[in-house]
Amino acid sequence: MGALGRPRRSCLAVPGSSVKMLGKAQGLPADHVFLDLEDAVAPLAKPAARKNVVAALNEGDWAGKIRAVRVNDATTPWAYRDVVEVCEGAGAAVDCLLLPKVQDASHVQWLDLTLTQIEQALGLPVGGIGIEAQIENARGLVNVDAIAAASPRVEAIVFGPADFMASINMKSLAVGELHPDYPGDPYHYILMRILIAARTHDKQAIDGPFLQIRDVDGFRTAARRSAALGFDGKWVLHPGQIAAANEVYTPSQEDYDRAELILDAYEYYTSSAGGRRGAVMLGDEMIDEASRKMAVVIAGKGRAAGMSRTTSFTPPPAG
């Protein structure tokens, strides 16, 4: 999963205003859960939602999950109270804050400085609370490289399709689906731009939601498109989408076994015992250093997902 190591195949959205859903989410098999204080919560409900989120983080059992909170964006009157109340109330139980509608590096830097002051005041490890930056408009995409580099806390860059579509006047109301009038993928450039910025700075890249929550096949199809590019995971809005996300963003058993086999074979053949060779045949495939780098990615994702090998490498007999 890259240098960060924490899988984000399925990122479950949970409204902070719903105590019931905050409880249910704890038992679901999502890699990552973000408790939402932004779009899913009406302005008048935000103060109560903060208290719900703090209680759920402190009292809930989130074992095995990344615990994130989506605060309101840095230009709103709610953002600073979100950060202060959540992190002062439950900072030790927060892995990341998800910052929406990031438009330039200053938004991330503001959050970084605020978190540092809170961590110092509470005696928490400085830098321990990560940041996920959500790109939701044209300006954010133009500045995505600087955003990804804005703080060592940044762990992931996230695509927010609905607001983004509105910001560029895209002629569609179907979030996450292809457009019938466009003979290609209208999101390809956006996704690839986010991915390149994320990888340049060793961050994860997360695809946005698919709003037709009952259409699991449609969700799976959309997820496969971003997974094929190299994305690490996707938002899920309904428990029924979790298994599909975990499946799509996990290597197949065949690919995982092959990647581990390539790593073992390359290590052997480049050693003294293997003849110090840099390029060799593994079955019908030539493998070299580039093959090793590709295999590291697939094997890393498989290991992070807890996969087990079903094959092993046997060095050829001497002579």
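Asp 202 is found in the loop between α8 (188-200) and β7 (204-207), where helices (H or I, at least four residues) and strands (E, at least two) are DSSP runs, numbered from the N terminus. This is a predicted model, in which local features need pLDDT of at least 70, side-chain atom pairs count only at pLDDT 80 or more, and totals for chains, interfaces and linings use all residues. Residues are numbered from 1 along each chain as its sequence is written, and side-chain values use heavy atoms, with hydrogens and water left out. Here is a tour that starts with loops, moves on to strands and helices, and ends with the whole chain.

**Loop residues**

- The backbone of Asp 202 has a positive phi of about 60°, although this residue is not a glycine.
- Asp 202 counts as partly exposed because its relative accessibility is 42%; buried means under 20% relative accessible area, exposed over 50%, and partly exposed in between (1.4 Å probe, protein chains only).
- Arg 276 also sits in a loop, the one between α11 (253-269) and β9 (280-282).
- The phi of Arg 276 is positive too, at about 55°, and Arg 276 is not a glycine.
- For background, most residues other than glycine have a negative phi.
- Arg 276 has a relative accessible area of 64%, so it is exposed.
- Gly 60 belongs to the loop that links α2 (46-59) and β3 (66-70).
- With 24% relative accessibility, Gly 60 is classed as partly exposed.
- Leaving aside neighbours within four places in sequence, Gly 60 is in contact with Gln 26 and Ala 55; contact means heavy atoms within 4.5 Å.
- Gly 60 and Val 86 are 26 residues apart along the chain, and 15 Å separates their C-alpha atoms.

- Strand β5 covers residues 130-135, and six of its six residues are buried, so the strand is largely enclosed by the rest of the structure.
- In a regular strand the side chains alternate between the two faces of the sheet.
- Both faces of β5 are covered: one side carries Gly 130, Glu 132 and Gln 134, the other Ile 131, Ala 133 and Ile 135, and all of these are buried.
- Strand β4 (residues 96-99) runs parallel to β5, and four bridges join the two; two strands pair if DSSP finds at least two bridges between them.
- Leu 98 stands opposite Glu 132 of β5.

- Strand β6 (residues 154-159) and β7 run parallel and are joined by three bridges.
- Ile 157 has Ala 205 in β7 as its bridge partner.
- β7 also pairs with strand β8 (residues 233-236), in the parallel sense and over two bridges.
- In that pairing, Asp 207 stands opposite Lys 234 in β8.

**Two buried helix residues**

- Arg 220 is part of helix α9 (residues 216-229).
- Arg 220 is buried because its relative accessible area is 18%.
- Beyond its neighbours within four places in sequence, Arg 220 is in contact with Ala 244, Glu 247 and Val 248.
- Ala 299 lies in helix α12 (residues 289-304).
- The relative accessibility of Ala 299 is 0%, so this residue counts as buried.
- Not counting residues up to four places away in sequence, Ala 299 touches Tyr 256, Ala 259, Glu 260 and Leu 263.
- The C-alpha atoms of Ala 299 and Leu 263 are separated by 8.6 Å, while the two residues are 36 apart along the chain.

**The chain as a whole**

- There are 12 helices and 10 strands in the chain.
- Along the principal axes, the C-alpha atoms fill a box of roughly 75 × 55 × 35 Å.
- Of the 319 residues, 51% count as buried.
- Among contacts between residues at least 6 apart in sequence, 72% join residues at least 24 apart.
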